[in-house]
Amino acid sequence: MAVIKSNPALQALTLAALALPGLILPAAGAAEDDEVNFQYSHYEEGKRNLYNVLNNKNPIEVESVVGKARVSLSDRIKFAFNYIQDTWSGATPITTAPLAANGNRAIKANTANNETIITGASPYINNARMFLTQKFVPILIYDKTVPGKKLFRTAQPVHVLSMASPETRKQGDFTLGYEWDEAAIKIGGGLSVEHDYESRFGNLSGRLDFNQKRTTLDMGLSYTNSDNSAILDHDAETYITKKAFAQQIEKSGTMQILHGNRQDWATSLGLTQVLNKSALVQTSVAYTRSTGYLENPYKVMTIVFADPATLGTDPDHPNSIVGDVRAFLEQRPNERNQLTVGSRFIQHIAFADAALHLDYRFFHDDWGINAHTFEADWVQAVGPSWTITPKIRYYSQDAADFYHPYLISKQTYAKALADPGTLPANFSSDQRLSAFGALSGGVTINKKLSKAVSIEAGFEYYTHAGALKMGGGGEGSYSDFDYYLANAALNVNLAALNTGGSQSGHSHAHHGKHHGSHGPAGVMFGHMLDQANDVMLGYRYMYSRQAGDTLHGIQAVTDQTIRNNGCLQAFTKHCRVTPTYMDMSMHMLDIMYAPTDWLNLMLMPQFMDMDMDLRLLEGVSYNAFQDHLHGGHRTGGVGDTGMYALFKLFDTGNHHVHATLGLSAPTGDVDIKLRAMHGDDKGLLHYGMQLGSGTWDFKPSLTYTGMLDDWSWGAQFSATNRLESKNDSGYALGDMFQGTAWGNYHLTNWLSASVRGIYTVQGKIDGRFNRVAGVVDNVLVNNVNPGSKANFSSGPMDFGGNYGGRYWDLGLGLNFTVPSGDLKGNSLGVEWLQPIEDDVNGYQLEREGALSATWSVMF
């Protein structure tokens with residue numbers, strides 16, 4: 001390690017390498033500082049070309065948040081924890097079919113003027129007929145179903161799109177390590193959970209340093225066990241052939257659930273060599289063996305059954321073979337062996353104060369895929385605190401041996417069912433197994449705000465195309481699409497907070513002397529920074545749950561009452577469904593800065609996710625409208641963004657009063673839709689499942705805090721006032737007022753306990769969704785009217801009068817502040833809110849409770 005530290009250029013080189021995302025191997029002998037990191041990313045694909053129908057489906061979008069913490073439990077014992085949450089939704093290919101099969105059926109609807117328009121496409125891949133020549137080549141056919149337009153359905157492949165409802169994955173993992181002078185070992189594990197997929201994993205890794213830490217050997221071993229419980233697409237499962245997986249499919253009510261288990265063993269070996277004061281090289285090799293259910297349960301293969309005996313049986317096509325188009329769940333091999341070999345070269349360029357990163361990876365598996373990845377990054381320092389990293393990446397892969405856009409089988413469908421051996425053992429049309437290339441370019445900008453804090457933002461744009469495959473022979477242009485990835489990150493070096501250049505210890509001590517510790521974790525804007533140029537960074541997690549009885553006012557009601565009265569506020573006479581539970585989670589960053597000793601500015605971005613489960617009310621039989629019960633509903637993504645100014649009004653040391661004036665910007669989506677079912681657009685998802693208010697909101701508060709010896713106390717009045725009468729979706733959430741008071745007792749100099757009372761009142765929703773069956777080109781389609789099948793509002797959660805009310809809660813909390821050491825000044829808080837009484841508007845689920853947890857540090 002001394003060799004690296006003795007050379008500033010090489011130290012800068014290794015630090016620059018570690019700063020880049022995606023680095024697999026650590027720099028030789030590099031020590032990892034204690035730190036906390038928060039990241040957000042947004043991935044979005046471009047729309048696919050469907051050729052003969054309008055593609056108005058939103059493409060796949062993924063919102064991700066990542067939280068990381070690494071702390072030293074002692075000089076040699078290190079602990080790290082990571083939390084990852086992804087939410088995705090949008091249209092994705094379910095299969096590929098000949099355009100002649102008409103897999104993307106046009107969705108037609110009537111406008112308010114009774115005009116018929118095509119609003120989009122719905123997947124339909126059953127019992128379609130197409131015609132082939134005697135050499136089994138699909139024939140061009142004029143499509144008479146599109147009036148006034150000469151359109152030929154051809155052999156051209158096209159992706160058949162199916163809409164994916166919002167889904168959320170949550171993953172937590174940890175590592176615990178021990179470090180010697182020239183070696184280290186780590187053990188770790190984690191859990192990744194989705195609604196239909198659960199994965200458990202463990203890992204063991206080690207590091208050995210040689211040659212005065214110029215050479216480092218890294219080793220790793222991991223095991224993953226995953227269970228799949230996929231609810232088959234209710235839009236398609238009735239006409240998908242599932243015979244090969246009949247023993248794995250469970251019927252649960254109206255749902256068909258495909259179960260499967262897979263196991264993955266992986267091992268890796270890496271070598272890092274410092275070549276000289278300005279360069280190092282890394283090499284790695286990794287092997288993974290996967291066994292079990294390796295299919296994607298949401299992908300199918302289109303098979304055209306072209307029995308030669310049908311030649312001439314259609315009078316309109318006497319010289320053609322009649323093709324019977326069917327869909328089968330894809331079938332992949334039940335094992336996969338994968339080998340990856342990688343290398344990286346890093347060169348510090350002294351005269352430019354920059355570093356060049358060159359990477360190459362080769363991938364090979366026994367499915368027939370060979371892939372190459374080339375990357376180049378230029379890490380450029382700009383001044384003392386900025387780093388700009390442009391990058392370029394090229395990827396190319398061969399197709400899997402069993403990949404086909406679609407299959408033509410020279411037999412009848414009935415014969416294939418009777419003798420599955422007449423079909424290939426394995427087949428898939430998943431585009432990720434096709435031959436293609438991808439070219440991307442991007443830039444990452446890093447700004448060091450202080451010795452301890454840095455922020456980062458990046459953008460990368462990708463082009464995915466068959467023509468980009470190395471050596472040619474890639475998939476056709478029908479599969480081409482573009483996508484982009486944008487990300488932002490905040491990094492806090494905990495070790496640097498208590499070294500020179502940080503005022504963390506001083507700020508916190510001054511704050512404690514001024515008006516006691518932080519208030520309960522559930523209180524926002526409960527304190528101020530006291531000195532000009534102070535900064536506070538924090539993370540806040542909030543969770544709430546509704547479950548149990550449905551209330552009307554303060555009384556529990558029966559299903560019959562909900563059915564008869566819960567949906568009378570609009571067009572339906574009876575409710576069909578009701579929630580069984582609703583969970584809400586919020587991740588929020590607290591970023592506070594004090595330009596003066598009497599004014600604080602605060603920014604609070606947030607990330608939301610909600611999960612609602614529904615059930616049929618007693619006395620209601622299943623019908624097509626209840627298909628949306630399958631798996632409940634989930635949403636997630638960026639919520640509204642808060643911007644606040646805190647003003648000190650009164651301060652005598654033991655007593656403090658400040659006011660907060662805030663605006664909430666409508667950055668959260670309020671147009672999340674129920675997925676289309678059976679070709680029908682079902683409109684917007686329930687009000688409570690949208691990610692924001694959709695309006696600009698004024699959020700004032702007045703806070704008093706006091707302290708005496710080991711006691712502290714406080715009170716706060718806060719409000720939310722909607723500044724607009726309705727949002728873009730036609731409604732506005734009700735205004736809200738809250739009053740709270742608390743007391744806090746210091747059990748020790750680092751631990752305190754709190755008790756709090758809260759009263760909240762919120763108005764009902766004003767207005768209603770301005771679209772139920774969707775809007776196309778600013779034309780309201782299937783505008784709500786009594787008796788319309790598009791009138792899909794089906795439960796109390798679909799009506800604005802069933803929101804808001806009056807609520808009483810009791811809060812119990814603990815606050816912990818690290819009194820000394822490298823983490824001195826870090827504060828943690830937790831509070832549980834227990835509902836005392838609910839007096840709801842309309843018909844709503846009762847509340848079970850809410851949890852708040854916070855971390856913050858000032859410097």
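**Close-up views of a predicted model**

**View 1. The disulfide between Cys567 and Cys575.** The torsion about the S-S bond of Cys567 and Cys575 is about 110 degrees, so this disulfide is right-handed. The model shown here, like every view below, is predicted. The sulfur atoms of Cys567 and Cys575 are 2.0 Å apart, and both of these cysteines are buried. The structure holds one disulfide, and the bond between Cys567 and Cys575 is the link in question.

**View 2. The protein chain as a whole, for orientation.** The protein chain has 859 residues, of which 51% are buried, and its secondary structure consists of six helices and 45 strands. Among the contacts between residues at least 6 apart in sequence, 70% join residues at least 24 apart. The accessible surface comes to about 37,300 Å², and carbon and sulfur atoms account for 58% of that surface.

**View 3. Strand 44 and its two faces.** Strand 44 spans residues 805–817, and its covered face is made up of Gly805, Tyr807, Asp809, Gly811, Gly813, Asn815 and Thr817. The uncovered face of strand 44 carries Arg806, Trp808, Leu810, Leu812, Leu814 and Phe816. Strand 40, residues 751–762, runs antiparallel to strand 44 and is joined to it by twelve bridges; within this pairing, Thr760 has Tyr807 of strand 44 as its bridge partner. Strand 44 also pairs in the antiparallel sense with strand 45, residues 827–858, over 13 bridges, and here Gly813 stands opposite Glu831 of strand 45. Tyr807 and Gly813, the residues of strand 44 named in these two pairings, both belong to its covered face.

View 4. A pair of aromatic rings is described by the distance of the centres and the angle of the planes. The structure holds 28 aromatic pairs. In one of them, the ring centres of Phe245 and Tyr293 lie 5.9 Å apart and the ring planes meet at 85 degrees, so the pair is edge-to-face. This pair links distant parts of the chain, 48 residues apart, with Phe245 in the loop between strand 13 (240–241) and strand 14 (249–252) and Tyr293 in the loop between strand 16 (279–292) and strand 17 (300–306). Phe245 is buried, with a relative accessible area of 6%, and Tyr293 is buried as well, with a relative accessible area of 8%. In the second pair of this view, the rings of Tyr759 and Trp808 have their centres 5.1 Å apart and their planes at 50 degrees, so this pair is tilted. Because Tyr759 lies in strand 40 and Trp808 in strand 44, the pair ties together parts that are 49 residues apart in sequence. Tyr759 is partly exposed, with a relative accessible area of 30%, and Trp808 is likewise partly exposed, at 32%; Trp808 is one of the residues on the uncovered face of strand 44.

**View 5. An aromatic cluster and two arginines placed over rings.** Ring pairs link Tyr43, Tyr462, Phe481 and Tyr483 into a cluster. The charged end of Arg48 sits over the ring of Phe481, a member of this cluster, at 3.9 Å from the ring centre.

View 6. Thr550 is found in strand 27, which covers residues 535–553. With a relative accessible area of 7%, Thr550 falls under the 20% cut-off and therefore counts as buried. Once neighbours within four places in sequence are left aside, the contacts of Thr550 are Gln555, Ala556, Val557, Ile562, Thr578, Tyr843, Gln844 and Leu845. Of these contacts, Tyr843, Gln844 and Leu845 fall within the residue range of strand 45, 827–858.

**View 7. Ile349 in strand 19.** Ile349 lies in strand 19, residues 335–349. Its relative accessibility is 16%, so Ile349 counts as buried. The C-alpha atom of Ile349 is separated by 7.5 Å from that of Ser278, a residue 71 positions away along the chain.

Terms used. Residues numbered from 1 in each chain as written. Predicted model: local features only at pLDDT ≥ 70, side-chain atom pairs only at ≥ 80, totals over all residues. Heavy atoms only, no water. Helix = DSSP H or I, 4+ residues; strand = E, 2+ residues; numbered from the N terminus. Buried < 20%, exposed > 50% of the residue type's maximum accessible area, 1.4 Å probe, protein only. Contact = heavy atoms within 4.5 Å. Disulfide = S-S within 2.5 Å. Pairing = 2+ DSSP bridges. Phe/Tyr/Trp six-rings, centres within 6.5 Å; stacked < 30°, edge-to-face > 60°. Lys NZ or Arg CZ within 6 Å of the ring centre and 35° of its normal. Areas by Shrake-Rupley, 256 points an atom, 1.4 Å probe, with all protein chains shown as cover.
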